[in-house]
Amino acid sequence: MLTRLSPLTQFSALLRTTDLPLTQHWQIVDRIFRDWTSRPELRDDLRRHLDSLSPDEASAVLERSRETTTHFAWCLLDCPTDPFSIWLHEYKSPSDWREGYADSVHNHRYHFCTTILRGNYVHERYSTLRDQLSGLITSVRLRRSTLCQTGSSGVMYADEFHRIPEATEGTMTFLVKSRPVSEFSLSYDPKTGIGHRHIPVEVRLGDLAGRI
């Protein structure tokens, strides 16, 4: 009797086929991701995967996931030995958005590939100027604004800056993220002109005792 493999198991196996370090060769992940997510049955496969989660598997997803100001970030798969993790982003109703990191001009500590499963959003890419002493962003320039619709795919590298100022209700995206390549990320609020550096709590732990 043949056992049907989880779509995430299939996708992970594809990513593991290369001998190159994926974080340093993320273009390989982008190529595999685009090929794999272009299948018309992708949404049905993901739906079946979520419906088939055992109580323990569902609890593990909940523990790894988090809420942001604009969306729910569901971590579907995160094996510590893999150089990647797999996510589903569920965007909130526009009336429930709060100002914060996601709709500021920002980068990430990791590379990622994404495709829109349903809905659409406006995606803006920016170039930035930074203060030489602080390293914070002092100004930004919009390079491109694109209405990304269902089926659109894209890749973002950790040194690139972007913003999603709006998304339609019910928009959902499927993503694969690399492990962090930087200890912090940067953001810039176009309304206030203020830049910020974001250092995650796990990076700060090593110096916590010295700060007491």
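This is a predicted model: local features need pLDDT of at least 70, side-chain atom pairs count only at pLDDT 80 or more; totals for chains, interfaces and linings use all residues.
## Rings, charges and a nonpolar core

Let's start with a charge and a ring: the charged end of Arg197 sits over the ring of Phe184, 5.0 Å from the ring centre.

How many aromatic pairs does the structure hold? There are nine aromatic pairs. A pair of aromatic rings is described by the distance of the centres and the angle of the planes. Here are two of the pairs, with those values:

| Pair | Centre to centre | Angle between planes | Kind |
|---|---|---|---|
| Phe11 and Phe174 | 6.1 Å | 55 degrees | tilted |
| Tyr91 and Tyr121 | 5.9 Å | 50 degrees | tilted |

Where do these partners come from along the chain? Phe11 belongs to helix H1 (residues 7-15) and Phe174 to strand S10 (residues 172-178), so their pair ties together parts that are 163 residues apart in sequence. Tyr91 is in strand S3 (residues 84-91), while Tyr121 is in strand S6 (residues 120-130), so this pair links parts that are 30 residues apart in sequence.

Together with Phe33, Trp36 and Phe174, Phe11 forms one aromatic cluster. Setting aside neighbours within four places in sequence, Phe11 is in contact with Ile32, Phe33, Trp36, Ile86, Phe174 and Val176.

Phe11 also turns up in the largest nonpolar core, which has 21 residues. Phe11, Leu15, Phe174 and Val176 are the residues with the most contacts inside this core. Which elements give two or more residues to the core? They are H1, helix H2 (26-37), helix H3 (42-51), S3, strand S5 (112-118) and S10. The largest share, six residues, comes from H2.

Finally, let's turn to the cysteines. The structure holds zero disulfides. Cys75 counts as buried because its relative accessibility is 1%, and Cys113 counts as buried because its relative accessibility is 0%.

Terms used:
Residues are numbered from 1 along each chain as its sequence is written. Side-chain values use heavy atoms; hydrogens and water are left out. A disulfide is a pair of cysteine sulfur atoms within 2.5 Å. Buried means under 20% relative accessible area, exposed over 50%, partly exposed in between (1.4 Å probe, protein chains only). Rings of Phe, Tyr and Trp (its six-membered ring) pair if their centres lie within 6.5 Å; planes under 30 degrees apart count as stacked, over 60 as edge-to-face and the rest as tilted. Helices (H or I, at least four residues) and strands (E, at least two) are DSSP runs, numbered from the N terminus. A charge sits over a ring if NZ of Lys or CZ of Arg is within 6 Å of the ring centre and within 35 degrees of the ring normal. A nonpolar core is a set of buried Ala, Val, Leu, Ile, Met, Phe, Trp, Tyr and Cys residues joined through side-chain atoms within 4.5 Å. Contact means heavy atoms within 4.5 Å.
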